Structures are given as structure tokens and as C-alpha cells.
Amino acid sequence: MLDQLQALQATALDEVRAAVDVAALDVVQSAFLGKKGQVQQVLRTIGKLDPKERGPVGRAANEAKQAIEAALEARKAELLAAADANLAETEWVDATLPPPAGSRASGRGGSIHPITALVRDMEDVFLSMGFETLDGPWVEDDHHNFGALNIPPDHPARDMQDTYWLTDGNLLRTHTSPVQVRAMETRKPPIRAVCLGRIFRNEELDATHENTFHQCEGFFVDRDVSVGHMIYVLESLLHEIIGPDVKVRLRPSYFPFVEPGFEMDVTFRGDWMELLGCGMVHPYVLEAGGIDPNEYSGFAFGMGIDRLVMVRHGVEDIRHLMSGDLRFMSQFTGGLEG
Ligand code: PHE
């Protein structure tokens, strides 16, 4: 009986060593240690043995059991460590594979936000006209958002109603115009740049007012830049974005950072629609940016992006745009890029 146990233990240890994965180990475990396993079968016969033999056989059976258990544990740890080491080979995914056909149409895939889609379209047009795209911080200081843009301390744009002031005296930018100043500070003319980004105003919310929206700022500073250049650039942009038949007109208007200043209207559904502010960069603003107004001139314009998105897609409430509501977003799966 003791020989039989020894042979059984030796076979079990061989099989443990030969197991190539955790599933194979489980098979070995139940074959030897399970309820109907071989060690159990030996233990069950102990009662029939001569009383003198029972003690040594029982002890030997328990030792065999412990030896097999220890071997199983050790081999299991070994196999798991090996599997971990091979993870890079066994668990890799090809991140460059296209998504399964139909996944977007079925709504399971993501979609490009209509604001992002328009921003990309506009950036493409600007890039084709030789403009570069710039970014600026959302948290601005008083100087870049107001002071350097010739907005005096008592200007209504600084009113507590409009501006989100932070406790440290900084603010959330209320327009993209500070990017003009930052560009002038760090570059030399010619500067041809646009900034399409998020802006913030402390608005009373309704269907046409959000506190977080988007603007497209553009500016061109060089020698002899004129209003004619500005009209050409804006007309080219609007032809691409709205359509080739769109007509534009300029009305005199006032912004502290341009002189002269205008508003541009476009034809929309048989009527004029107010679209953007623009003008020739004010000499004070050029100076604040470190550019000599006697040598250089420039134009600048700023327009709301959300409004254009609403017109483009017939969205009736601006608050849908930043709501993050998938029921709203799922309408725009058609506007996806390939
Ligand atoms: N910054 C202005 C606004 O927020 C828009 C503007 C930009 C007007 C550049 C003129 C020139 O309304």
C-alpha cells in the first residue's frame, strides 16, 4: 500500500510538471485530489486495513496529498507568470483596424460633434488661404482679454453680468480676441492666423444664449493691409462655408479694438443675417502687441460658430449643442468623417 502511494505521488508530480496551462492543471488536480480522485480512493480503503497499517498509510496518504497540492500551486504560479510575460504577444489588438462595418450607422460608434465638424471645415478654408491656426488659454488675464484690446475699465464688456471673474483676478475669456494680442507679442508681421475656440459669458440662458460657446477669430497684420483684403478673405470663407451664392454687406459698427469697425451681414433665406464683427486693428492694439502702427496695419474679425451650426443643421435651441445629450448627438452621424 505504501509503495502504491509513492508511485501515485510520483505519477501525479510528473503530470503536474507536464501540464502546459491552468486548465490542464485543473484536470490533474481532480484526477488525484478530487472527491473521486486517486488519493481519496486510497484513503477510503484504510478502514479495511489491518489496524497496525492504518496509521502509516494514513500519514503517507496525507503527505502525498500535501506534496501534490504544493506542486500544483507552484506550477500554477509558474504558468500564470509565463502568461503575464507573454501578454504583449497573446493579447495584442490592432488599433489601426477600421471599426466593423455598420457600427456607426447603428449608433454604437461615436460621431463628430457638429461644432467640431464646422470648425474643421473652416480651418481647412483658412489653411488653404495661408492662415495658420492658433490656440489660446481659456483662463485669461485682464490685460489680454480687455486692456490690450483697448477696452477701458468702464466698458460694459467687463460688467459682472457678462464676465466670469475668477477669485484670483483672472477671468474666463469672453472672446477669442486675446489670441490676437498673444500672437502679436510672440511673432513679427506678416501674421496670418485664426483661432477657433471656446469662450464664456455669464449669460441669462435661453434658446439663443449659452454661457459656453465658440468663436472664430481671424487676423492679418502686414504692410499695407486694407479693408479690401478683409472683405476678400471673409467673402471667400463664407462662399465655402455657406454657399457660392451668399452675398455680404458691411455696416459701420463699434468695437474698441478696431478702427474703423464693421459688422458683416450675409444673405440667408431671402433676408440679411448679422454674422460677424470686423475691422482694421486699432493702432493701440498693435502697439500693445509690440507692433509699430506706423509701419504695419491689419484687419481682424470675430464670429460666433454656434450660430452657424444652428443655421447649418436647423437646430432651434443653442443649449442642445453643449448638452452632451446623445439623443441630440446621434442625429449627426451623417456628418462623420471616413
Ligand atoms: N471680439 C468681438 C466679440 O466678441 C468680435 C470681433 C473680433 C470684432 C475682431 C471685431 C474684430 O464680439
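1. Asp224 sits in the loop between β5 and α9 (227-241); helices (H or I, at least four residues) and strands (E, at least two) are DSSP runs, numbered from the N terminus. Asp224 has a positive phi of about 60 degrees although it is not a glycine. Most residues other than glycine have a negative phi. Asp224 is also exposed, with a relative accessible area of 67% (exposed is over 50%, buried under 20%, partly exposed in between; 1.4 Å probe, protein chains only).

2. Before going on: this is a predicted model, where local features need pLDDT of at least 70, side-chain atom pairs count only at pLDDT 80 or more, and totals for chains, interfaces and linings use all residues. Residues are numbered from 1 along each chain as its sequence is written, and side-chain values use heavy atoms, with hydrogens and water left out.

3. Asn150 also isn't a glycine, yet its phi is positive, about 60 degrees. You'll find Asn150 in the loop between α7 (142-145) and β3 (171-172), and it is partly exposed at 23% relative accessible area.

4. Now for the cis peptide bonds. One runs from Pro189 to Pro190, with omega near 0 degrees, and Pro190 is in the loop between α8 (178-186) and β4 (191-200). Another joins Glu259 and Pro260, with omega about -5 degrees; Pro260 is in strand β7 (residues 258-268).

5. Last, have a look at the ligand. A polar side-chain atom of His175 is 3.0 Å from a ligand nitrogen atom, and one of Ser177 is 2.9 Å from a ligand nitrogen atom. An N or O atom in the Gln215 side chain is 2.9 Å from a ligand oxygen atom.

Conventions: Polar contact = N/O pair within 3.5 Å; in protein donor to acceptor, adjacent residues only side chain to side chain.
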